[in-house]
Amino acid sequence: MTDRTSSTFRRSLPTAILIGLFMAGLALGAAPAQQWLQWGGPNRDFTSPTQGLAQSWPEEGPRVLWRRDLGDGYAAIVVDGDHLFTMIRRGDNDVVVALEAGTGKTVWETEYAAPIAPNFHPGFAPGPSSTPAIAGDRLFTVGGFLQFHALDKASGEILWSHDLVEEMGITPPGRGYAASPLVYRDLVILTPGGEDKAVIAFRQADGEVAWKSQSFPGTYSSPVLANVDGEEQIIVTMGSERAGLDPMTGELRWRLTVREEATTVFSTQLWGEQDHLLFGSSAYADGSRVIKVAKKDGKFVAEELWYSRKMRIHHGNAIRIGDYVYGSSGDFGPAFLMALNVRTGEVAFRQRGFAKANFLHVDGKLIILDEEGDLAIATPSPEGIEVHARAHVLEPTAWTVPTLVGTRLFVRNREEIVALDLGS
Amino acid sequence: MLAYVVTLRSFRRLALVALVGLVSAGAVAEVPPRSEGGQTLEVPEAHLDLGQVYYLLRGDTQVALSSETRLARIVLTSGRAVGYVVSPFDLEDAEVPLLAGAVRLPVVSLGTGSGRSDRNIRALDLLGAATQPEITFEMTGVRDLVTEAVEEDVFKYRLTVVGKLGGRGIAKEVVVPVEMTVQLATWNAMSRTMGDMVILKGNFEVKPGDFGWQPEEGVEIAETFRADLFLVFSTVSPDKRRDPRIRQQQWTKELRFLTLLRDLDDPEAGYDYGRAYLREVWDDVGALARMASTVVDQPDIRRRDLGFAMQAARRANELSEGKEGGILATMAQIYYEMGDLAAAVEWQKKAVDQLGEDAPDSARAILESYQGEAKKSADIAPRPDP
């Protein structure tokens, strides 16, 4: 924090005090100065810049700022200033909702018909699972059955839309489309899968298709933006394909086909900008792997550094801290908190105590929310996770990654949404 | 007791001779009780930390007890055993693939498939249900381990499991040679069940006389029974609800109800439990519908309280305003079981009409079946007042 009490800015004492208080307020994140505009947060890696979270909670848990009914679905929450946005399911419709971040009051709702696709497997419920993305004054949403909309963020008015099933003949994945849109410059990019249109970029302004690229199967895993040796790439995981594409043109920059069993991936990959290691994990018949992408003789080359079945992340996320990746391993059986050495795949530790969980990385700590609705704050290390505080904040099934803005944590399940104060 | 391994160099390529006791942290005094839902066992903390737990899955024939005399052959089978085994987390680095395990088998679940034979066997009290309603097994060690194959997704072993078999209030050591397969999840394997699997196949001999059974004069039962085992375990607990629309606590209670009625054949305790649960879920359509369906639809429930089922189904129907085809079909089935064919036809027709185009062929086939029986029946009972 910059010290602004130098002689250049010297004011009368009351003003100095006010300035000091204002700066303290910013440091504590008391006002929603930060944003959470997309899936995974500012850098799409579930890391928040917030500092100063409490290391202990009262017996009843962190302070509840507000709690209200929401609706079915798994979409995470995005926040821009005073408003938050997410999606729910209501009957045979998808609904985009905007709430006041400070009170939970509804600002607007936009509802549209989203009939269930014939190939849908009802095991998980029809979502929506994809998380909206905010760019400027626009909100981009896509439901489980590939209705894609651009909405005015202030009013909820639909500015343009695409039905990718009707228009492009794309079949959504069996559990419903779940990958979250990625905003890049004036584009918004989806990964619906299909012949010559596996990855599609649309212009934010008018919804025109900027480019379509690749023939990959559909995916549940959201794409990430990576800087690979100075070049920006979208990295996708689609079926057994792992690939890097030029986000402006869709041109393929590299591609690696991994084992055949690695076809059902929900979890978002993690890109290590310093070491060019791409970590990904899936459950069912696959496991975790690291792919190294390097530039050789002007071309990008990808190779699998290691593969291991010891960590299998289902639909949760993973966090990389230094040389270790932390995640909740297990699909339908017991779940273990685990860490792997990202360079070798060696198991650092395996720890019971939480059901299948999602994480945020904040100021060297992990915020953990498991599917049973238990929330915790913990310090991770290669030796294990030290839990400082734990509370039951939601009823099961809580599969949605939390959102942190300042010290306000927003969590949801398939029925309600809660705002919690995690500040000191 | 510490684990130790003796390796005989001259037999290194053929066999690893190992006598493994449970590590002191993992020693368990007796077979753990059933879990809250009743479809597995309460795995002790020591075993949860020991390695990966695999839960015994219900199967068509997990256990077959057979004996043969000059004039008769008896084969008792059951698919209702519950239990678990523990295997190391990192199997490829482990010296022994099986670290712990325990099983409970309800005596009432063992049957020949013939009601008359089963009644006769129960009358003999051959298996001592009155003394000890569940046969138990607790693994105490492993020896004679041979690793037969280690592939990408499959590990195969031959080994001898040593354990205590409990029945009729008596525990005896048994030695069971088994083939053990660890099948990691593949898309192919998941057609059987989710998760990684352990399959144990083996057999051993047991003498009812060793467990205090005395034959009556004139009764010809062999001294020795052969027990054949085909046990499939998975990392997915049978108690864990898979449908995220159902709360785990509800699922556990509904499983408990099923365990009491079907597996332990204790209808008094089962319906008492069920009535208390109905009061809890009196406004929950899904839970009420599932309870009704369990009573009327689950195979192998000896005493079906149709009044109980109708109470739950009627309330579910009321809450859903008659718009749920599945609930309407359940009511039709209850009426059918009650013998009221006219009502069965009426309600099944409502179900088919409600489902409309989405009505499965089976629903229409059931309606036709009820209609056919109603026509044939000359004596249609008046509709009972549920």
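Seven cavities of 30 Å³ or more turn up in this model, where a cavity is a set of points on a 1 Å grid over the protein atoms alone at which a 1.4 Å probe fits but cannot get out. The model is predicted, so to speak of local features takes a pLDDT of at least 70 and side-chain atom pairs count only at pLDDT 80 or more, while totals for chains, interfaces and linings use all residues. Residues are numbered from 1 along each chain, chains are lettered from A in the order in which they are written, and side-chain values use heavy atoms, without hydrogens or water.

A pocket, unlike a cavity, is an open set with protein on both sides within 12 Å along at least five of seven lines, and lining residues have an atom within 4 Å of a point. Volumes are the space filled by probe spheres set on the points, with grid points joined across faces, edges and corners.

| Space | Volume | Lining |
|---|---|---|
| Largest pocket | about 1,000 Å³ | 36 residues |
| Largest cavity | about 580 Å³ | 34 residues |
| Second largest cavity | about 330 Å³ | 20 residues |

The lining of the largest cavity divides into 27 nonpolar, four polar and three charged residues. Here Ala, Val, Leu, Ile, Met, Phe, Trp, Tyr, Cys and Pro count as nonpolar, Asp, Glu, Lys and Arg as charged, and the others, Gly among them, as polar. Among the residues nearest its centre are Phe204(B) and Leu229(B).

Leu229(B) is also one of the residues that Leu200(B) touches, along with Val85(B) and Phe233(B) among others; contact means heavy atoms within 4.5 Å. Leu200(B) sits in strand β11 (residues 197–206) of chain B; strands (E, at least two residues) and helices (H or I, at least four) are DSSP runs, numbered from the N terminus. Is Leu200(B) buried or exposed? Leu200(B) is buried, with a relative accessible area of 9%, buried being under 20%, exposed over 50% and partly exposed in between (1.4 Å probe, protein chains only). Gly339(B), by contrast, is partly exposed at 35%, in the loop between α7 and α8 (341–355) of chain B.

Lastly, take a look at helix α5 (residues 285–297) of chain B, which has 13 residues and reaches 17 Å from its first C-alpha to its last. Its buried residues include Leu288(B) and Met291(B), and the buried residues of α5(B) pack against α3, α4, α6 and α7 of chain B.

Note on methods
The expected span of a helix is 1.5 Å times one less than its number of residues. Lists of a residue's contacts leave out its neighbours within four places in sequence.
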